[in-house]
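This report describes the pockets of a predicted model. Where do they lie, and which residues line them?

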Amino acid sequence: VDALIDVGGFDPALRVGEDVDLVWRLVARGGTVRYAPETEAQHAPRSSWIAMARQRVAYGSSAVALTKRHGAVVAPARCSKWSLAAWVAALTGRPGLGLGIAVGSSAALVGKLEGVPDAPREAARIAAWGHLHSGIGLGRAVSRVWWPVLLPLAVVRRRLRVGVLVAMTAPAVRDWITGDRSTDAGRGVALRVADDIAYGVGVWSAAVQAHDLRALLPELTEWPGRRPAMESDTVAGP
């Protein structure tokens, strides 16, 4: 209770995203916020699919207000410029170019591992995992935030279709495989994709209304070097 009072509690100006804002302010003050699965809170679920979609749209709309308060920590994706370039190449039907960029990033990382045993192999391992996780994050950003731009482009640019389709569905497939599989795969994936689309509608609606597009932009780092310090680095996000 003292910690909540110290940061001013929930921000009454926020109708959605107030819990995220509170957690980030607590962490910024040096606090530790942890997930306690043994604690259960009962609440009434939405009574219809339309109500659920409206809820997800509302949740998405919080991104703009949270960006104003916390900066790039709200970015839909965080990755290095190397990873972004590699995955954009793959998305646009140039997997060979994407692989070349990934290999180049591994080579560039070797120089940063001076003194590390078997530096080339370690650089390849680090780069591979970095690009993999960046791909997962970028896929999530496509399915939740960037689809209003990429889907129309995929309609007119055949080379984009497979990549956009994979990006739109792969995060939902991954969530179904690693999460609760009480529903069949088709239904579970479809519901998750619909959930992401509704969230994206909220993000774009709020961004257009506020004339502020920062919540739509990725946070790019300078890996395999050190990225410049950012004011938002003092705030830890999920």
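## Lining of the largest pocket

In this predicted model, the largest pocket is lined by 35 residues, and those that lie nearest its centre are V20, R56, Y59, R144 and Y199. Two or more lining residues are given by each of the helices α2 (18–28), α3 (49–70), α6 (119–156) and α8 (185–210), with the largest share, nine residues, coming from α3.

The volume of the largest pocket is about 1,200 Å³. When the residues of its lining are divided by class, 23 are nonpolar and eight are charged, while four are polar.

## The second largest pocket

For the second largest pocket the volume is about 590 Å³, and its lining is made up of 25 residues, of which L91, L138, G139, V142 and A167 lie nearest the centre. The elements that give two or more residues to this lining are α4 (81–91), α6 and α7 (158–178), and α6 gives the most, with 10 residues.

By class, the lining of the second largest pocket has 19 nonpolar residues, together with four polar and two charged ones.

## The helix α6 in both linings

In the largest pocket, however, the largest share comes from α3, whereas in the second largest pocket α6 gives the most.

Note on methods: Residues numbered from 1 in each chain as written. Predicted model: local features only at pLDDT ≥ 70, side-chain atom pairs only at ≥ 80, totals over all residues. Heavy atoms only, no water. 1 Å grid on protein atoms, 1.4 Å probe; cavity = no way out; pocket = protein on both sides within 12 Å on 5 of 7 lines; lining within 4 Å. Points joined across faces, edges and corners; volume = space filled by probe spheres on them. Helix = DSSP H or I, 4+ residues; strand = E, 2+ residues; numbered from the N terminus. Nonpolar A, V, L, I, M, F, W, Y, C, P; charged D, E, K, R; others polar.
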